[in-house]
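Have the viewer open while you read.

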Amino acid sequence: MAQKHDTRPTACLALADGTIFYGKGFGATGTTQAELCFNTAMTGYQEIMTDPSYAGQVVTFTFPHVGNVGVNPEDDETAEPVAEGMVVKWDPTEPSNWRSMETLANWLASRGRIAIGGVDTRRLTRAIRQQGAPHVAMQHDPEGNFDIEALVAKARDFAGLEGMDLAKDVTCAQSYRWDEMRWAWPEGYTRQTAPKHKVVAVDFGAKRNILRCLASAGCDVTVLPATATAEEVLAHGPDGVFLSNGPGDPAATGEYAVPMIKGVLDTGLPVFGICLGHQMLALALGAKTVKMNHGHHGANHPVKEHETGKVEITSMNHGFAVDSQTLPEGVVETHVSLFDGSNCGIRMADRPVFSVQHHPEASPGPQDSFYLFERFAASMAEREKA
């Protein structure tokens, strides 16, 4: 007699509009609620799950082969996964990579993150594109017992990311030094032993590889918490100040970050911002930010630099954007998305202050955007000569 297989779903994804997706759960068990976004990257699921910018979000991966390179500690962008959960087309594949230390499913389970496989991610992605990033509730129950009405209610109860300051939840608890540089074959990660510039990096949810890129560009990096004041930043005597990426609404985090940024700008120091740091620099300069329909999340985003005409293939992860129509006089738009024309970079016309929306440290180009770190280092060198 043929053996019977239990085909009951063990995970459920409920959208606030009542749409239900069933699948096979893996990772941790339990329930979570969040905003749902999709990511189009073909690699880097571990870096995505540990990117602090994904706080408050569940990520659906449009690429189906998730799990095939396993997980290893070197690829973490922060100590633990920050994204609330993940949704994939197929069950995670077994690792087939020499750097793998653990399976994706075990890694998620040990770190309390829920995942669901067997979902029609194309249909889900279309829904996000057409209707905007939905609020969702996701449950993994090995017994397959779901209270759908309660799950939908939980999705509808999610407060949303607008007006939400999440940087304070993912920032460092205290200041620390950073000297690890970018990974390189065959040495792996090496240390910066001869830095030329002293940089304070304000951590709104900083990815480790951003700090590595700063170190590789010759910076002696001191990381401060998101709530640091201008006085605390300047007390370190920096040659330049870096504003990191991070999650949530820039206007909410800007309540305490914008006064700090304005205080730093008054000194004339070089300033470089990425992602949330870019958005809050724009706020400090007098521009405004807006919530996007479904944001930009992926490693294949073409961005054009106006002054050179160069097109870079970039990594992006943001649900808010700077409204270029609100940029004040003296602030120049430097980069723009070739997908939708949204703002991807600004600079002050008369000072070494600039920022970008995309993630130059993620290197999908792979080296298209590293010049931004070198430009920051050069601006500090020029100021020291003056």
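**Pocket, cavities and contacts at a glance**

Four elements, α1 (45-49), α6 (208-216), β13 (289-305) and β14 (311-322), each put at least two residues into the lining of the largest pocket. Helices (H or I, at least four residues) and strands (E, at least two) are DSSP runs, numbered from the N terminus. Bear in mind that this is a predicted model, where local features need pLDDT of at least 70, side-chain atom pairs count only at pLDDT 80 or more, and totals for chains, interfaces and linings use all residues. Residues are numbered from 1 along each chain as its sequence is written, and side-chain values use heavy atoms, with hydrogens and water left out.

**The largest pocket**

- The volume of the largest pocket is about 1,100 Å³. A pocket here is an open set of points on a 1 Å grid over the protein atoms alone, with protein on both sides within 12 Å along at least five of seven lines; lining residues have an atom within 4 Å of a point. Grid points are joined across faces, edges and corners, and a volume is the space filled by probe spheres set on the points.
- The lining of the largest pocket has 42 residues, and T43, G44, E47, D75 and A362 sit closest to the centre.
- α1 is the top contributor to that lining, with four residues.
- By class, the lining of the largest pocket splits into 15 nonpolar, 16 polar and 11 charged residues. Ala, Val, Leu, Ile, Met, Phe, Trp, Tyr, Cys and Pro count as nonpolar, Asp, Glu, Lys and Arg as charged, and the others, Gly among them, as polar.

**Cavities**

- There are two cavities of 30 Å³ or more; a cavity is a set of grid points where a 1.4 Å probe fits but cannot get out.
- The largest cavity comes in at about 120 Å³. Its lining has 13 residues, with S53, G246, G248, H318 and G319 nearest the centre.
- β14 supplies the largest share of the lining of the largest cavity, four residues. No charged residue turns up in that lining, which has four nonpolar and nine polar ones.
- The second largest cavity holds about 40 Å³ of space.

**Salt bridges**

- Side chains of opposite charge can pair when their charged atoms come close. Counting a side-chain nitrogen of Lys or Arg within 4 Å of a carboxyl oxygen of Asp or Glu, you get 13 salt bridges.
- D91 pairs with K24, with the closest N and O atoms 3.7 Å apart. This one ties distant parts of the chain together: D91 is in the loop between β5 (85-87) and α2 (104-110), K24 is in strand β2 (residues 20-27), and 67 residues separate them.
- R347 and E307 meet at 2.7 Å, N to O. That pair also links distant parts of the chain, 40 residues apart, with R347 in strand β16 (residues 343-348) and E307 in the loop between β13 and β14.
- K168 bridges to D165, with the closest N and O atoms at 3.8 Å. K168 is partly exposed at 48% relative accessible area, while D165 is buried at 12%. Buried means under 20% relative accessible area, exposed over 50%, and partly exposed in between (1.4 Å probe, protein chains only).
- E74, D75 and R99 are linked in a salt-bridge network.

- The peptide bond from W185 to P186 is cis, with omega near 0°, and P186 sits in the loop between β8 (176-178) and β9 (197-203).
- G365 and P366 are also joined by a cis peptide bond, with omega about 10°. P366 is in the loop between β17 (353-356) and α10 (371-385).
- S363 lies in the loop between β17 and α10. Phi of S363 is near 55°, a positive value in a residue other than glycine, and S363 is partly exposed at 24% relative accessibility.
- C275 has a positive phi too, near 60°. C275 is in the loop between β12 (271-274) and α9 (276-285) and is buried, at 2% relative accessible area.
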